[in-house]
Amino acid sequence: MAIRQLSETLINQIAAGEVIERPASAAKELIENALDAGATRIEIATSGGGKALLRVSDNGSGMDAADLELAVRRHCTSKISETLEDIRTLGFRGEALPSIGSVARLSIASRRRDSAGGHEIAVAGGKIAHLRPAAANPGTIVEVRDLFFATPARLKFLKTEKAEAGAITEIVKRMAIAFPAVRFVLSGSDRTTLEFPATGDDHLGRMAQVLGKEFRDNAIALDAVREEIALTGFAGVPTFNRGNSAHQYAFVNGRPVQDKLILSAIRGAYAETIPSGRHPVAVLSITLDPGLVDVNVHPAKSDVRFRDPGLVRGLIVGAIREALARDGSRAATTGAGDMLRSFRPGFQPHAQRPQTAWSAETSPSRPYQPTTGFGERPQASFDGLSMPTARAEPQFSPQPAAPEPTVRYPLGAARAQIHANYIVAQTEDGLVIVDQHAAHERLVFEAMRKALHSRRLASQVLLIPEIIDIPEEDCDRLMQHAAELSELGLAIERFGPGAIAVRETPAMLGEVDAHGLIRQLADEIAEWDTASGLSAKLEYVAATMACHGSVRSGRRLRPEEMNALLREMEVTPGSGQCNHGRPTYIELKLSDIERLFGRS
């Protein structure tokens, strides 16, 4: 078969298959164009999930007649000149508008601010209509109707209108977080109007609009720099988590991305602090020289490639862990709300009395056990003791002395132990309830983790070294990390061009499948250029040992033991959650308690 040149329309339709996968892809491209044009107000309207109608209006710089004619032609752009090494705009490929026009009915009306009138151009199924004058406000209005009418086979692969509308909403949210100074309005016959007023430089305010006001109260600021890369943003406390990763947002030089390296780094930073199946909430913004990142990996521009991925990953993990160590031990503010909601269903002052008598044995709630709790005998140990207070006041002395600085204890002073498992402590403005086993488990684990990283780990020497055959390139990668692995108790040597000899393994791991471990490390290094998998295995063992070596549920503690536990929690990073990610304490403010009793 002879080779022939494809028509321009068919070329654009092929390109549309890569750039415009669904209505949300078209919305993303059009919003990016509006932002590149300097818009401060962007309005998006949809119908039929964006399949029937997608309209994006902005107050940006607009286009004149000559620009409009070029805008709908492939590979015409004003955003780059001769190189891809200094891209500072969201769009740059010059493919979005001609791709949309090849599979839909596209019309563009635009007017420059210094122009007396505007112009309009239309494209339907790849056929460009003549340019004509049009009445228009300064800015641009792009209207897309009947998406994929020219390629009906693509319509079969789209989801329901509700799902497509939701995908467009997610795109708008990501753009809104990245550009807080821009006002976004999303409306249409297939949705409830969503508006994000501009917040200027208040990035956290915009995040609260998108992620909910609870995020503001549970976010920890990030600000770190390593070499030429800067990381800013906010990370949620570990106990403020979600059931999926949809609440993790990443931006590179202002561009929203869904890069697996960044998502993996977030997951690694929260290791041992989030329960299995739960995901942290985070908004990360990475700023670096455009020459250090490739944004031209895929036509959709949602993937990027960093010149030094290990540096980026290390920066993210280090910054988040440092923030969590600094301020991540506090309990999520949603914990008190959950507690109040759990109390509310039982608070029915006007409800009819139950037909059968209540008993502690048959009640599903079992609020107390008759043999423990607030009875006189269990609480007798607190009588006659000088109890610590949450507020330290200067003591009187015969000699006049300078007042001592006030010492504040965020977790307060222990007042009771209930059910031989929970410590009730009084703070200056409320109370906290501490799960003694979960709290002590975290303290033991952090002590073991510190020991893991403070010296070379003990190793066990193999009587007969294990020889593992792997590809030569994997051998090269492993030997580059040999010193790092040796510090973790894994001693390896090169054994010919395509084999590794394992001479020592970490003692903590006991009997080790050396073949599986080496192959896993080789795969990890090949993908991430890091050998953190072994460290993660060791920390998992430490977490298991901490769980079995901590204060057990059911053990009665003396008041001084409880207060010692509280003081240690206050100075231990990550003490707000146990090794399994569950909260170690819940805080109730006095205002919450008053709400519970209907006093506010």
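1. The crossing of helices α2 and α6 is right-handed, that is, the near helix is turned clockwise from the far one by less than a right angle. The model is predicted, with local features requiring pLDDT of at least 70 and side-chain atom pairs pLDDT 80 or more, while totals for chains, interfaces and linings use all residues. Residues are numbered from 1 along each chain as its sequence is written, and side-chain values use heavy atoms, without hydrogens and water.

2. The axes of α2 (residues 23–36) and α6 (residues 161–178) come within 8 Å and cross at roughly 25°. The two helices are therefore roughly parallel (angles under 35 degrees). Axes are lines fitted to C-alpha atoms, for helices over the stretch in contact, and angles run from 0 to 180 degrees between N-to-C directions.

3. From α2, the contact (heavy atoms within 4.5 Å) involves P23, A24, A27, K28, I31, E32 and L35. From α6, E164, A167, I168, I171, V172 and M175 take part. By class, this contact has 10 nonpolar, no polar and 3 charged residues.

4. A separate point concerns an open sheet of 3 strands, ordered β22-β24-β23 with antiparallel pairing. Strands are DSSP runs (E, at least two residues), as are helices (H or I, at least four); pairing requires at least two DSSP bridges. β22 (459–469) and β23 (491–494) are the edge strands, each pairing on one side only. The twist averages 20° from one strand to the next.

5. Between β22 and β24 (residues 499–506) there are 7 bridges. The bridge partner of Q460 is T505 in β24. Helix α14 (residues 472–480) packs on the sheet, touching β23 and β24, and its direction makes about 135° with that of β23.

Note on methods:
Parallel < 35°, antiparallel > 145°, perpendicular 65-115°, else oblique. Nonpolar A, V, L, I, M, F, W, Y, C, P; charged D, E, K, R; others polar.
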